[in-house]
Amino acid sequence: MDERVLEKEIINNIRNFIQCLGSGFCFIGNQHRIEVDGEEFFADLLFFQRDLKALVVIELKKGKFKPSYLGQLNFYLAALDEKERKNGENPAIGILLCREANKSVVELAIRDYSKPMGVATYRTADELPAGYKVLAPIIEEVPKMLNEAEYEEGSEEE
C-alpha cells in the first residue's frame, strides 16, 4: 500500500483513528509543513496530546522498518521543538508506523536517539515508560486499522 493511500484512509477516518490513539489527542493536520532555512519538509500526521502537553508526529512507512526512517523523524521532532513548540509544552514525540520491523534492528537503531520516539510495530503497551502509557492504544489498535485499510484497498482493485 502506498503511504499516501494509507494517509488518505486515516484522514477519511480521522475520528476512528483519534479514538484508537486514546484520550487527549487533537488533530492538527496532515502533510504538516515545516520550514527550515527556506527548505520545506512535510510531516505525515501531526497531533497534540493534551495530557502530555506535546506535539505528536506520526510518520507512515509502507514497508519494513529502516533505521534511516528514524533520522527523518528525529529531524521533524527537532524542527517542531525549535519552530513550533510553545512555552509550557514538552518536547515533541515521534511515532513511526511501518508494516513490519525486526525488533533487534529497531532496538539498535533507536538506542542512542535522545528524542522520544517509538516504532509502533515494535513496542507493546507494557514496555512503555510510565509517563507515556497514554500512547498505548495506538500500539494495540492501529495495526488492526492498517490491515483493514489494506484489505479494503485490495478489494477495490479486484
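Helices here are DSSP runs of H or I with at least four residues, strands are DSSP runs of E with at least two, and both are numbered from the N terminus. With that settled, the protein chain reads α-α-β-β-β-α-β-α-β-α from the N terminus on, which comes to five helices and five strands. Before going further, keep in mind that this is a predicted model, where local features need pLDDT of at least 70 and side-chain atom pairs count only at pLDDT 80 or more, while totals for chains, interfaces and linings use all residues. Residues are numbered from 1 along each chain as its sequence is written, and side-chain values use heavy atoms, with hydrogens and water left out.

Let's take the whole chain to begin with. Of its 158 residues, 40% count as buried (buried is under 20% relative accessible area, exposed is over 50%, and partly exposed is in between, with a 1.4 Å probe and protein chains only). The protein chain exposes about 8,700 Å², with 46% of that supplied by carbon and sulfur atoms; accessible areas come from the Shrake-Rupley method with a 1.4 Å probe, and for residues only the protein chains shown count as cover. As for contacts (heavy atoms within 4.5 Å), take those between residues at least 6 apart in sequence: 59% of them join residues at least 24 apart.

Now go to strand E3, residues 54-64, where eight of the eleven residues are buried. Two strands pair if DSSP finds at least two bridges between them. E3 runs antiparallel to strand E2 (residues 39-49), and five bridges join the two.

What about the interior? A nonpolar core is a set of buried Ala, Val, Leu, Ile, Met, Phe, Trp, Tyr and Cys residues joined through side-chain atoms within 4.5 Å. The largest one has 22 residues, and Val 57, Phe 65, Leu 70, Leu 80, Leu 96 and Val 119 have the most contacts inside it. E2, E3, H3, E4, helix H4 (103-110) and strand E5 (117-119) each supply at least two residues of this core, and H3 gives the most, with seven. Apart from it lies another core of 16 residues, including Leu 6, Ile 10, Leu 45 and Ile 93.

Is Ile 34 buried or exposed? Ile 34, in strand E1 (residues 25-36), is buried because its relative accessible area is 1%. Leaving aside neighbours within four places in sequence, its contacts include Phe 41, Tyr 76 and Leu 80. Tyr 76 is 42 residues away in sequence, yet the C-alpha to C-alpha distance is 7.8 Å.

Ile 11 sits in helix H1 (residues 3-12) and counts as partly exposed because its relative accessible area is 26%. Not counting residues up to four places away in sequence, Ile 11 touches Phe 27, Asn 30 and Leu 45.
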